[in-house]
Amino acid sequence: MKIFIDGKFYAKEDAKVSVFDHGLLYGDGVFEGIRIYNGKIFKAKEHIVRLYESAKAIFLKIEYTQDEMEKLLNEAVKVNEKKDGYIRLIVTRGDGPLGIDPFQCAKSKLIIIVGDITLYPKEFYEKGIEIITSSYRRMPSESLDPRIKSLNYLNNILAKIEAKQNNYFESVMLNTKGFVAECTGDNIFTVKNNVIITPPSYDGALEGITRNTVLQLANKIGFETREMSLTRYDLYNSNECFLTGTGAEIIPVVKIDNNIIGDGVCGNVTKKVILEFRRFVSE
Ligand code: PMP
């Protein structure tokens, strides 16, 4: 494994950053998780745009242009000879003194890790999963916009801990107004009367690359899609529900807070979307 840090590739055991990096000290930085399918970086440009928008929102200057970043990603995949895998692209605020002032950090640090993808169990996709609603609310955008894919995931991690402590794999987070935002590491969709619905990003959802791909593909195969505010009522009374994410791809949800969704199996609309997504990534 060859890891890129600020202009050079290092062997895994030599790939190290300073304990004074504000990414470590304060979670000050941004990142992307990206799939490699068949030697091709999935939606590279979209991930890069999201990275730069996250960086801009936290006043973080990336020392490379977007074109340079795309070239670096391709180089990292090539150097690692990876056909199917996962890229973790990280930009930290860089090294600085112990105080939080980001302007004391000389320059941001770029890290690119190309590794294997850990897939979820097959039964998740075949049988669907059960989730709960988290008691932790998604961070309000006036405090920290959830569209920023930052290195600080504690809001999501607390919701994940809550899910796991209750023997669930995932939990769905509401915003402070009670509208559905997203899950701890995935976007959420419902299907009602054949319309595919997902919360708008202003309700606290990350603009998921998989989410946006699913919206496009669903339209392409003839489904109506909507970005619309949802409450728990809408989740419980949906015909189908599924989660989307880079690692997860598309996972059907069959129970929420012990309420059976639709027929309690992966629904027909979800099946069609999964099929189209599989086709798209293997093109
Ligand atoms: N929401 C959150 C909080 C995430 O961390 C992620 C990425 N794992 C997603 C949604 C899904 O986004 P994407 O499809 O771009 O992976």
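## Cavities

The predicted model holds 2 cavities of 30 Å³ or more. On a 1 Å grid over the protein atoms alone, a cavity is a set of points where a 1.4 Å probe fits but cannot get out, and lining residues have an atom within 4 Å of a point. A volume is the space filled by probe spheres set on the points, which are joined across faces, edges and corners.

The largest cavity has a volume of about 40 Å³, and its lining includes N239, E240, C241, P252, V253 and V254. β14 (249-256) contributes the most to this lining, with 3 residues; β13 and β14 each supply at least two. Helices (H or I, at least four residues) and strands (E, at least two) are DSSP runs, numbered from the N terminus. The lining of the largest cavity divides into 7 nonpolar, 3 polar and 1 charged residues, where Ala, Val, Leu, Ile, Met, Phe, Trp, Tyr, Cys and Pro count as nonpolar, Asp, Glu, Lys and Arg as charged, and the others, Gly among them, as polar.

R35, Y37, F42, T210, G245, T246, E249 and F277 form its lining, with 3 nonpolar, 3 polar and 2 charged residues.

## The largest pocket

A pocket is an open set of points with protein on both sides within 12 Å along at least five of seven lines. The largest one has a volume of about 830 Å³ and is lined by 42 residues, of which F31, K149, Y153, T184 and G185 lie nearest its centre. α5 gives the largest share of the lining, 5 residues. The lining comprises 16 nonpolar, 15 polar and 11 charged residues.

## The ligand site

The ligand sits in the largest pocket, a term that requires more than half of its atoms to lie within 2 Å of the grid points. α6 (209-220) and β13 (240-245) are the elements that give two or more residues to the shell around the ligand. The ligand is surrounded by 16 residues, each with a heavy atom within 4 Å of it; Y153, E182, I209, T210 and T246 are the closest.

Polar contacts are pairs of N or O atoms within 3.5 Å. A side-chain N or O atom of E182 is 2.6 Å from a ligand nitrogen atom, and a backbone N or O atom of G185 lies 2.9 Å from a nitrogen atom of the ligand. A backbone N or O atom of I209 lies 2.8 Å from a ligand oxygen atom. Taken alone, the ligand exposes 390 Å², of which the protein buries 92%, by the Shrake-Rupley method with a 1.4 Å probe.

## Basis of the values

Residues are numbered from 1 along each chain as its sequence is written, and side-chain values use heavy atoms, with hydrogens and water left out. In this predicted model, local features need pLDDT of at least 70 and side-chain atom pairs count only at pLDDT 80 or more, whereas totals for chains, interfaces and linings use all residues.

Conventions: A polar contact is a pair of N or O atoms within 3.5 Å; within protein, one must be able to donate a hydrogen and the other to accept it, and residues adjacent in sequence count only if both atoms are side-chain atoms.
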